[in-house]
Amino acid sequence: FIQFFSKLEIKKITMISSYAVYGHNRKSNCNENEIIDKNYFSKGENFYALAKHNQEQLFISFCEQINLEYNIIRLPSIFGENSSLLIKNAHVIPSLIMKLLKKPKKLDIYGTGNEEREFIYVGDLIEFLLIIRKVKPLKIINFGSSKFLKIKDLSNILKQKISPKTILYFNNKSISDVPIRFVSNKKLL
């Protein structure tokens with residue numbers, strides 16, 4: 001990568017990352033400068049968060065080595081056009097939609113349903129990326145809506161639109177043990 005990019009006339013590069021790097025911090029408004037170590041990650045998201053954190057560190061090192069300006073955009077869950085149709089890899093919203101389209105009698109959903117999540121529409125992300133490429137790099141940027149939705153409320157909205165007869169069952173097993181993750185977007189204001 002270093003040899004390849006050093007030969008190109010690129011002035012700035014952007015990496016997409018995840019809010020998962022903030023771990024299981026329950027205080028409000030994690031900011032971009034929070035120091036993270038592997039003991040800080042949530043148990044359910046440990047490998048994903050660690051991989052994202054390591055990618056960020058390699059990316060920063062790479063950019064600094066060849067003197068390339070950069071942004072790292074940290075995101076919550078994304079939804080919108082061209083989402084993965086593989087349920088195993090899909091984000092929350094497309095996964096629920098695909099499961100409900102099968103019109104099951106009962107739908108097993110991870111967690112208690114009280115987990116709150118922030119979502120970003122892919123079109124809004126694209127607009128942001130087009131803007132951010134024209135301005136001075138901010139290095140690490142949190143990009144989110146700061147609006148939260150309980151998974152049970154989201155599930156019920158989708159159920160009513162797609163498969164009203166389906167019974168929703170929250171199995172109390174969770175991939176993530178983070179009930180809510182507050183992240184600061186102050187850098188964008």
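Student: What makes E1 and strand E2 a pair, and in which sense do they run?
Tutor: This is a predicted model. In it, E1 and strand E2 (residues 69–75) are joined by seven bridges, in the parallel sense. Two strands pair if there are at least two bridges between them, so E1 and E2 count as a pair.

Student: Which residue of E2 is the bridge partner of serine 17?
Tutor: Arginine 74.

Student: In what order do the strands of the open sheet come?
Tutor: Three strands form it, in the order E1-E2-E6, with parallel pairing. Strand E1 (12–18) and strand E6 (139–142) are the edge strands, since each pairs on one side only. From one strand to the next, the twist averages 20°.

Student: Which strands does helix H2 touch?
Tutor: Helix H2 (residues 46–65) packs on the sheet and touches E1, E2 and E6. Its direction makes about 165° with that of E1. Helix H4 (residues 122–132) also lies across E1, E2 and E6, and runs at about 160° to E2.

Student: How many aromatic pairs does the structure hold?
Tutor: Four. One of them is formed by phenylalanine 79 and tyrosine 121.

Student: Why is the pair of phenylalanine 79 and tyrosine 121 called tilted?
Tutor: The ring centres are 5.5 Å apart, and a pair needs them within 6.5 Å. The planes stand at 50°. Stacked needs under 30 degrees and edge-to-face over 60, so this pair is tilted. Phenylalanine 79 is in strand E3 and tyrosine 121 in strand E5, 42 residues apart in the chain.

Student: Why is phenylalanine 79 called partly exposed?
Tutor: Its relative accessibility is 27%. Buried means under 20% and exposed over 50%, so phenylalanine 79 falls in between. Tyrosine 121, at 30%, is partly exposed too.

Student: What makes the pair of phenylalanine 128 and phenylalanine 143 stacked?
Tutor: The centres are 4.1 Å apart and the planes are at 10°. That angle is under 30 degrees, so the pair is stacked. Phenylalanine 128 belongs to helix H4, and phenylalanine 143 to the loop between E6 and strand E7 (148–150).

Student: Are phenylalanine 128 and phenylalanine 143 buried or exposed?
Tutor: Phenylalanine 128 has a relative accessible area of 10%, and phenylalanine 143 has 13%. Each value is under 20%, so each residue counts as buried.

Student: Where does the charged end of lysine 106 sit?
Tutor: Over the ring of tyrosine 169, 4.6 Å from its centre.

Technical notes:
Residues are numbered from 1 along each chain as its sequence is written. This is a predicted model: local features need pLDDT of at least 70, side-chain atom pairs count only at pLDDT 80 or more; totals for chains, interfaces and linings use all residues. Side-chain values use heavy atoms; hydrogens and water are left out. Helices (H or I, at least four residues) and strands (E, at least two) are DSSP runs, numbered from the N terminus. Axes are lines fitted to C-alpha atoms, for helices over the stretch in contact, and angles run from 0 to 180 degrees between N-to-C directions. Contact means heavy atoms within 4.5 Å. Rings of Phe, Tyr and Trp (its six-membered ring) pair if their centres lie within 6.5 Å; planes under 30 degrees apart count as stacked, over 60 as edge-to-face and the rest as tilted. Buried means under 20% relative accessible area, exposed over 50%, partly exposed in between (1.4 Å probe, protein chains only). A charge sits over a ring if NZ of Lys or CZ of Arg is within 6 Å of the ring centre and within 35 degrees of the ring normal.
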